[in-house]
Amino acid sequence: MVDITPADAVPPAEVAEMELYHPHSWWTKYVFSQDAKVIAIQYSATATAIGLVALVLSWLMRLQLGFPGTFDFITPEAYYQFITMHGMIMVIYLLTALFLGGFGNYLIPLMVGARDMVFPYVNMLSYWIYLLAVLVLVSSFFAPGGPTGAGWTLYPPQAIMTGTPGGQEWGIILMLVSLILFIIGFTMGGLNYVVTVLQGRTRGMTLMRLPLTVWGIFTATVMALLAFPALFVACVMMLLDRALGTSFFMPAVVEMGEQLQHNGGSPILFQHLFWFFGHPEVYIVALPAFGIVSDLISTHARKNIFGYRMMVWAIVGIGALSFVVWAHHMYVSGMHPYFGFFFATTTLIIAIPTAIKVYNWVLTLWRGDIHLTIPMLFAMAFIVTFVNGGLTGLFLGNVVVDVPLSDTMFVVAHFHMVMGVAPILVIFGAIYHWYPKVTGRMLNETLGRFHFWVTFVGAYLIFFPMHYIGLMGVPRRYAEMTDVTVMTESAHHLNSFISIMAFIVGFAQIVFLFNLIWSIRHGREAGGNPWRATTLEWQTPQTPPAHGNFGKELPIVYRWAYDYSVPGAKEDFIPQNMPGTFGPSREPA
Amino acid sequence: MSVILVFLLVIAGFAGWWLSHQRLMTKPWLEQGAAGDFVAFDRSGLPTAKIGLGVFLAVVGCLFALFTSAYFMRMALSDWQPLPMPRLLWLNTGMLVLSSIALQCASVAARKRQMDTVRLGLAAAGLTAIAFLVGQLMAWRDLTADGYFLASNPANSFFYLITGMHGLHIVGGLVGLSRTTAGAWNGARPERLRLSVELCAMYWHFLLFIWLAIFALLAGWAATFIDICRQLLT
């Protein structure tokens with residue numbers, strides 16, 4: 001039965017020593033560092049900090065919606081500012097930056113067996129430009145007139161007109177400048193992630209041996225590099241409209257009885273550009289989550305991922321398809337019915353590769369040796385949540401269903417489930433999973449389980465009622481609805497209930513942050529490979545990995561990333577860099 | 001949005017071609033052992049910097065394809081009044097072509113390690129590129145002097161926006177070019193110098209291509225061309 005053949009004689013790694021930049025001072029080691037791991041932590045810390053701002057903003061919104069008329073300082077203008085900043089921060093400055101800048105920087109070099117990113121200096125610049133973008137964004141809170149209240153989609157003409165908060169003041173300008181900076185910074189980082197996966201792989205690490213995490217981040221980065229220019233173009237053109245009076249997007253408008261100097265522009269053009277970025281953005285956030293969750297499930301169920309090839313093809317397929325569905329965000333803009341038909345079709349087709357992925361996750365769990373660790377809990381919660389959010393997506397993808405629901409809380413509930421809660425659950429799971437590698441210590445288990453159950457159950461108690469009040473016809477984007485027929489007594493009660501749950505779930509995140517900080521010093525010692533995982537980042541000589549990641553010699557990869565519970569092997573996992581042939585059924589047919 | 005979709009189709013075609021060479025059909029769970037033994041295609045033999053620049057140029061191409069898409073969509077609206085192309089643009093085009101040729105010469109000379117020719121090529125490329133930029137600014141000044149202001153018509157807005165974006169990319173390229181030139185004078189290692197000259201040449205050729213495309217677009221030939229195509233198809 002046991003069939004362990006000795007390793008073939010393998011020549012020593014002839015990978016040339018990369019020209020690593022070695023820091024000379026405290027500043028270049030911890031602040032202006034070119035080490036991808038430090039940059040990853042900088043990215044993550046900044047994203048978390050700005051994410052906290054967005055969390056507080058969501059509390060303020062829920063205060064207003066749950067208890068209308070109680071809080072005088074939340075004027076309708078302030079409410080719109082909260083909505084706008086909450087959405088923009090969460091989607092771009094938190095999720096995108098954390099998945100690609102944070103996890104991408106930390107995991108890509110370690111997982112592909114590289115010493116660092118291929119262009120470390122550009123990588124460092126990427127972070128500092130991102131930080132600048134965040135600071136510009138934050139500065140708009142202190143600018144005259146406050147931040148923009150145009151909604152996170154920034155639709156013209158209202159985005160740059162007088163009635164909108166920040167429209168004729170600094171708010172919108174700072175927002176556009178911040179986005180432009182973010183895109184420039186991201187492009188620098190993105191080049192690194194892509195080229196490192198292409199060129200930085202160690203010996204033996206073929207594309208089909210990459211962990212799915214790397215596949216997800218890689219594909220998402222390629223998509224982001226191609227999609228963000230659309231937002232860039234839209235921002236530059238709107239900035240010109242606002243600052244220099246051009247008419248790219250601005251039609252002839254009479255404002256307060258006065259004819260503005262704009263003429264003939266097309267707001268729909270902006271929507272096309274925005275959503276040409278905006279829809280791929282959903283998958284830019286989702287694909288890294290897909291990849292990470294595959295690895296979490298496989299590791300914590302001690303079983304190889306089901307259908308690895310299909311998983312890879314599905315990731316690539318989703319990436320390609322997501323570029324031809326953007327107009328499903330614009331069904332209510334008055335488009336040609338055939339146009340709507342086309343986009344409804346492509347939208348529904350995306351369900352196929354997505355469903356393949358869900359089946360594969362479930363089949364990986366099937367008869368696995370499931371350890372209900374915190375990362376596993378979060379991973380399973382993700383699957384459920386993603387299915388829930390995805391199913392309402394099937395409704396909304398159809399034009400006839402979308403048109404009546406488009407402006408209701410149903411849509412809010414849908415996209416929060418599918419691209420808010422679901423990816424955030426993965427981020428939490430990933431942090432519990434990789435925190436021991438980053439710090440050398442485990443996160444506190446009790447606090448972690450508290451965090452998980454409150455977040456998971458709480459998120460459902462927030463968003464399930466929200467679907468319901470959406471179906472009742474409660475519209476979104478309204479600061480206050482007291483005496484309207486759709487707001488029945490029960491809808492009011494539900495709104496108050498949702499708000500209270502939102503505070504509780506938010507509180508659980510504070511506990512999580514406390515856990516993150518407390519465990520750096522007081523957590524249990526983790527050792528190098530606490531989850532007994534196969535991928536290369538767990539095989540580093542030091543934990544946390546030192547500068548250069550792998551000590552003297554780069555690892556050589558002998559197998560794929562999912563050799564768990566191989567019959568005949570001594571342990572239930574075989575690291576990717578372990579030579580030898582294991583198992584009776586491994587002969588290629 | 002058809003221009004950007006065609007552009008992405010080209011990118012997708014290239015990506016598909018590349019992926020088809022990456023053995024995506026293998027069953028990695030059956031293959032154990034040092035992959036070097038049976039994997040013919042690992043990393044590309046091209047220098048990493050060139051691949052990085054290639055990816056960056058794809059992003060730049062995407063940016064200009066999107067501007068072009070927006071241009072065609074905005075152009076269809078009724079208030080569009082095309083502006084006359086300044087004759088100066090032909091001279092500028094010539095300058096940019098010369099710049100590209102000079103860098104190509106420098107690149108060939110760097111391969112043959114003829115340092116004097118490399119320096120001459122780099123200097124000529126830099127000067128002609130600066131001449132191009134000055135020419136563009138003069139074209140802008142001529143247009144504003146004739147009353148074609150940025151905000152007076154969308155055609156003007158797009159003209160200034162797109163040429164400005166292209167100019168900014170040239171300025172960025174000049175930063176890289178000046179570093180390379182400084183290296184050529186201060187005795188950089190020949191291997192390194194050759195790579196940076198080749199990178200500059202690659203970037204310059206691409207920006208020349210972009211310029212020719214947007215020149216055709218702004219002068220209205222691209223629209224005529226597309227009309228002809230459309231008539232042939234229907």
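This is a predicted model: local features need pLDDT of at least 70, side-chain atom pairs count only at pLDDT 80 or more; totals for chains, interfaces and linings use all residues.
**Exercise 1.** Find how many helices and strands chain B has, and state their order.

Solution. Start with the count: chain B holds seven helices and zero strands. Next, read along the sequence, where the pattern is α-α-α-α-α-α-α.

**Exercise 2.** Describe the extent of chain B and the share of its residues that count as buried.

Solution. The C-alpha trace of chain B spans about 70 × 50 × 30 Å along its principal axes. Of its 234 residues, 34% count as buried. Then take the contacts in chain B between residues at least 6 apart in sequence: 78% of them join residues at least 24 apart.

**Exercise 3.** Compare the reach of helix α7 of chain B with the expected value, then count its buried residues.

Solution. Helix α7 of chain B covers residues 221-233, which is 13 residues. The expected span is 1.5 Å times one less than the number of residues. For α7(B) this gives 18 Å, and the helix reaches 18 Å from its first C-alpha to its last, close to expectation. For burial, the cut-off is 20 or more other C-beta atoms within 10 Å. The count of buried residues in α7(B) is zero, and the helix is hardly covered.

**Exercise 4.** Work out which elements of chain B touch chain A, and what kinds of residue form that side.

Solution. In total, 41 residues of chain B are in contact with 50 residues of chain A. The elements of chain B giving two or more residues to this side are α1 (2-20), α2 (48-75) and α5 (154-185). The largest share, 13 residues, comes from α2(B). By type, the side of chain B that touches chain A divides into 26 nonpolar, ten polar and five charged residues.

Terms used:
Residues are numbered from 1 along each chain as its sequence is written. Chains are lettered from A and ligands numbered from 1 in the order in which they are written. Two residues are in contact if their C-beta atoms, placed from the backbone, lie within 7 Å. Helices (H or I, at least four residues) and strands (E, at least two) are DSSP runs, numbered from the N terminus. Ala, Val, Leu, Ile, Met, Phe, Trp, Tyr, Cys and Pro count as nonpolar, Asp, Glu, Lys and Arg as charged, and the others, Gly among them, as polar. A residue is buried if 20 or more other C-beta atoms lie within 10 Å of its own, exposed if 12 or fewer, and partly exposed in between; C-beta atoms are placed from the backbone.
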